[in-house]
Amino acid sequence: MADDIEARLTAVPAPTTSPAGGDGPDDYLERRTLRRGSAGWLLLTGLGVAYVVSGDFSGWNVGLDKGGFGGLAIATVLMGAMYACLVFSLAELSTILPTAGGGYGFARRALGPWGGFLTGTAILIEYILAPAAIVIFIGDYVESLGLFGLTSSWPVYLGCFVVFIGVHLWGVGEALRFSLVVTAVAVAALLIFAVGAFTEFSADGLNDIPVDASAFGSDSWLPLGVLGIWAAFPFGMWFFLGVEGVPLAAEEAKDPVRSMPKALSISMGILALLALITFFAATGAQGADAVKTAGNPLVVALEGDGGPTALSRFVNYAGLAGLVASFFSLIYAGSRQLFALSRAGYLPRFLSLTSKRKAPYLGLIIPGAIGFALAAATGNGARMLNIAVFGATISYALMALSHIVLRRREPHLERPYRTPGGVLTSSVAFVLALSALVATFLVDKDAAFIALAVYAVALAYFAIYSRHHLVASAPEEEFAALAEAEAELARD
């Protein structure tokens with residue numbers, strides 16, 4: 001039977017149009033190869049934390065304004081559960097298909113080409129818009145700190161994209177080591193902040209937001225009522241948003257079958273601990289009401305009504321390091337998802353060409369140019385981040401659904417790592433992801449509709465053109481073709 005399957009795979013047609021420059025399938029993939037074995041579990045763990053760490057420094061606190069301390073606390077627990085369940089599901093999927101496609105590859109086998117494209121596009125929206133949003137926050141930080149004497153932020157945007165894309169072009173190993181160092185600085189700063197903030201901690205400050213008596217179920221714990229819990233979902237996500245991107249590094253990892261589950265689990269544990277410490281320390285030091293709309297809540301938590309202190313200045317600079325870490329790592333994630341979709345023909349194939357150092361140079365430069373243009377033209381980081389969150393929640397639901405479908409449809413598929421709880425775990429992630437998707441409309445419906453418009457354009461391109469020009473020799477497509485061949489043999 002194995003020989004029959006191999007023969008059927010060999011018979012899978014090549015791309016319906018000739019790959020770039022008339023190359024055969026072997027030449028086509030040779031020009032689209034990443035540097036394998038560049039990242040062990042430690043660098044992958046650092047990557048997982050780097051994606052997220054900027055969210056600890058700012059952004060999450062707006063959830064206090066939407067739901068109060070109790071509302072955001074419950075939302076954070078629920079979103080943490082969603083990410084934990086999703087991470088365990090992805091750990092299993094990434095050992096089945098350890099390629100740069102990540103979520104797109106998993107959904108491609110489980111849900112077909114349309115499901116793969118929907119998932120990959122949602123991930124791409126997240127990882128192109130999020131760096132554009134974060135670079136705006138970096139510019140704000142640089143201006144507020146009075147660095148370089150700048151009075152306009154666009155040179156900061158340009159400098160960040162040029163310098164950090166340049167590091168990625170130099171090589172993935174160098175890039176991930178740089179990310180690990182900057183992330184370590186940011187994490188250390190969060191721990192130092194917590195030590196200082198807890199010396200001023202008061203439990204009374206947690207519930208000091210005025211109660212809206214007209215809101216259903218409102219009290220001091222839930223000042224905005226029960227609906228405030230739901231409205232706080234997107235901000236509870238900020239403590240974890242991006243960790244699901246670790247599998248995008250699978251093709252460049254050392255022993256991905258072992259290192260992926262380990263890196264995903266450890267990074268999720270670190271992020272949960274940082275969320276707990278940061279949340280309680282910041283709200284308890286000066287009160288939830290004082291930090292609920294602050295652009296730099298950790299600094300406000302340390303300073304209160306007084307002036308800057310040595311510790312608050314340190315945390316302010318460390319916040320910049322956290323933003324840089326997330327910006328840098330999200331550029332990496334976006335380039336790998338774009339690379340995989342392009343290599344398989346879902347997007348224009350030239351975007352997946354790699355350099356002599358095995359970096360997808362166009363996959364780095366073109367999204368970077370788009371991100372810089374969006375940042376310089378709008379300056380609206382919050383709106384872009386909300387669009388990114390909308391794309392993220394769609395991808396979470398589809399990736400969790402992929403785990404469920406593969407468990408049901410292909411129970412005998414070799415799984416070097418198995419998700420604890422199995423389908424129950426991924427089902428929890430699926431339900432919570434759908435809840436978070438709906439919650440985005442409560443926060444910024446304009447951002448949600450913008451994301452849907454981008455989706456519509458992408459789907460039109462796929463329906464009219466790219467689905468007829470997929471590259472059968474791409475790893476994710478071969479993996480799906482194997483499933484189809486096995487199913488056909490089973491029917492015979």
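Helices in these views are DSSP runs of at least four residues, numbered from the N terminus. The model shown is predicted.

**View 1. Helix α14 and the glycine that follows.** Helix α14 comprises residues 310-343, 34 residues in total. From its first C-alpha to its last, helix α14 reaches 50 Å, close to the 50 Å expected at 1.5 Å a residue. Most of helix α14 is covered, with 29 of its 34 residues buried. Just after helix α14 comes Gly345, which adopts a positive phi of about 90°.

**View 2. The aromatic pair of Phe164 and Phe328.** The structure holds 26 aromatic pairs. In the pair of Phe164 and Phe328, the ring centres are 5.7 Å apart and the planes lie at 85°, so the pair is edge-to-face. Phe164 belongs to helix α7 (residues 154-170) and Phe328 to helix α14, so that the pair links distant parts of the chain, 164 residues apart. Phe164 and Phe328 are both buried.

**View 3. A cluster of aromatic residues.** Ring pairs join Trp60, Phe69, Tyr83, Trp221, Phe239, Phe240, Phe279, Phe280 and Tyr396 into a cluster.

**View 4. Lys262 over the ring of Trp41.** The charged end of Lys262 sits over the ring of Trp41. The distance from this charged end to the ring centre is 4.1 Å.

**View 5. Arg357 over the face of Trp170.** Arg357 lies over the face of Trp170. Its distance from the ring centre of Trp170 is 4.1 Å.

Notes:
Residues are numbered from 1 along each chain as its sequence is written. This is a predicted model: local features need pLDDT of at least 70, side-chain atom pairs count only at pLDDT 80 or more; totals for chains, interfaces and linings use all residues. Side-chain values use heavy atoms; hydrogens and water are left out. Helices (H or I, at least four residues) and strands (E, at least two) are DSSP runs, numbered from the N terminus. The expected span of a helix is 1.5 Å times one less than its number of residues. Buried means under 20% relative accessible area, exposed over 50%, partly exposed in between (1.4 Å probe, protein chains only). Rings of Phe, Tyr and Trp (its six-membered ring) pair if their centres lie within 6.5 Å; planes under 30 degrees apart count as stacked, over 60 as edge-to-face and the rest as tilted. A charge sits over a ring if NZ of Lys or CZ of Arg is within 6 Å of the ring centre and within 35 degrees of the ring normal.
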